[in-house]
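Me: I have a model open and want to go through how it is put together. Can we take it piece by piece?

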Amino acid sequence: MVFRHYMPSLVPMVVAVVASLALSVTARAETTVFAAASLKTALDSAIQAYQSETGLKVTAAYGGSSILARQIQLGAPADLFLSASTDWMDVLEAGGMIARGTRKDLLGNSLVAVAPVLRAKPLELDDLPERLENGRLAMALVDAVPAGIYGKAALQTAGIWDAVEPQVAQSDNVRTALALVATGEAPYGIVYATDAKAEPRVEVVAAIPEASHPPIRYPVARLSTAQSVEADQLWMYLTGPEAAEHFAVQGFALLPD
């Protein structure tokens, strides 16, 4: 009698548990990638092709590598991290947040100076302080975001950082800095070559020597909290030849294994 008395009350509980498990399985089938903002055009293209081929859903969150790494440290639900900086990947690896054996230096890039296409004239980097006049130089955060760190190093090597520093307009990621130039709010910017390729409203006015800054490397890794088959499958795709085609089209250098 006692058993029969409590039996109806167990039904809603069982239904709730089954529903929760179903939602868990559904959620697991969706994989989340945290990626440097400069990867957006190429990675969106690769993800679209991957979803069409596999039927699996992928969500990409873009931003400055430093901001994304901090969010991961705070428990953000990411499965993979694609950084524009080996330093930020080092931070996560030191904290035990990277799955062992999944870290790989995937891509390379270069820096350029850009200007709005209607005002673009070739530029010698040494002439940048004079060309700026009263305008702003758009850059990603120079002490936190990789594109800004590389750009600052290059301008220091050129001996013009002190002259331009007061006019630097810093953004939380390189695509925001690119937008400042594209919309004409800043007459010049320092961005990745791949960013310039993705934005028709800007033109490259100067190539920045690779020897003037640390090598630009994009490492990828699966996070240690991501245990799903889907996360492993996406990691294999992004490090394989099919995704490489999408990165190459946008001008990224493909690094050897």
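Me: In which sense do β3 and β10 pair, and over how many bridges?
Reply: This is a predicted model, and in it strand β3 (residues 80-82) pairs with β10 in the antiparallel sense, over 3 bridges.

Me: What about β4 and β10, which sense and how many bridges?
Reply: Strand β4 (residues 104-108) also pairs with β10 in the antiparallel sense, with 4 bridges. In that pairing G108 stands opposite R217 of β10.

Me: What is the strand order in the sheet?
Reply: The order is β2-β1-β3-β10-β4-β11, so the 6 strands make an open sheet with mixed pairing.

Me: Which strands are at the edges?
Reply: β2 (57-63) and β11 (253-254) are the edge strands, each pairing on one side only.

Me: Is β10 mostly covered or mostly open, and how many of its residues are buried?
Reply: Mostly covered: of the 6 residues in strand β10 (residues 217-222), 5 are buried.

Me: Zooming out, how many helices and strands are in the chain?
Reply: The chain has 11 helices and 11 strands. It holds 257 residues, and 47% of them count as buried. Among contacts with a separation of 6 or more, 78% are between residues 24 or more positions apart.

Me: Now the core. Which residues touch the most other members of the largest one?
Reply: L39, L137 and Y218 do, in a nonpolar core of 67 residues. Helix α8 (residues 174-182) gives the most to this core, 6 residues. Apart from this core lies another one, of 12 residues, including F34, L68, M89 and L223. As a general point, nonpolar side chains in soluble globular proteins tend to be buried together.

Me: What does L137 touch, skipping residues up to four places away?
Reply: L137 touches L128, L132, L155, V164, Q167, V168, A169, Y188, G189 and I190.

Me: Why does L68 count as buried?
Reply: Because its relative accessibility is 3%, and the cut-off for buried is under 20%. Leaving aside neighbours within four places in sequence, L68 is in contact with F34, A35, A36, A61, Y62, G63 and F81. L68 and F81 are 13 residues apart in sequence, and their C-alpha atoms are 8.4 Å apart in space.

Me: Is H213 buried or exposed, and why?
Reply: H213 counts as buried because it has 8% relative accessibility. Not counting residues up to four places away in sequence, H213 touches L111, Y150, A153, A154 and I208.

Me: And V117, where is its place?
Reply: V117 is in the loop between β5 (111-116) and α5 (128-132). At 36% relative accessibility, V117 counts as partly exposed, because that class lies between 20% and 50%.

Me: What is V117 in contact with, beyond four places in sequence?
Reply: P200, R201, V202 and E203. V117 and V181 are 64 residues apart in sequence and 9.3 Å apart in space, C-alpha to C-alpha.

Me: How does the lining of the largest cavity divide by type?
Reply: Into 8 nonpolar, 5 polar and no charged residues.

Me: What lines the second largest cavity?
Reply: S38, L39, T41, A42, R175, T194, D195, Q250 and F252 line the second largest cavity. The elements giving two or more residues to this lining are α2 (40-54) and α9 (193-198). About 30 Å³ of space lies in this cavity.

Me: And how does that lining divide?
Reply: The second largest cavity has 3 nonpolar, 4 polar and 2 charged residues in its lining.

How values were computed:
Residues numbered from 1 in each chain as written. Predicted model: local features only at pLDDT ≥ 70, side-chain atom pairs only at ≥ 80, totals over all residues. Heavy atoms only, no water. Core = buried A, V, L, I, M, F, W, Y, C linked by side-chain atoms within 4.5 Å. Buried < 20%, exposed > 50% of the residue type's maximum accessible area, 1.4 Å probe, protein only. Contact = heavy atoms within 4.5 Å. Nonpolar A, V, L, I, M, F, W, Y, C, P; charged D, E, K, R; others polar. 1 Å grid on protein atoms, 1.4 Å probe; cavity = no way out; pocket = protein on both sides within 12 Å on 5 of 7 lines; lining within 4 Å. Points joined across faces, edges and corners; volume = space filled by probe spheres on them. Pairing = 2+ DSSP bridges.
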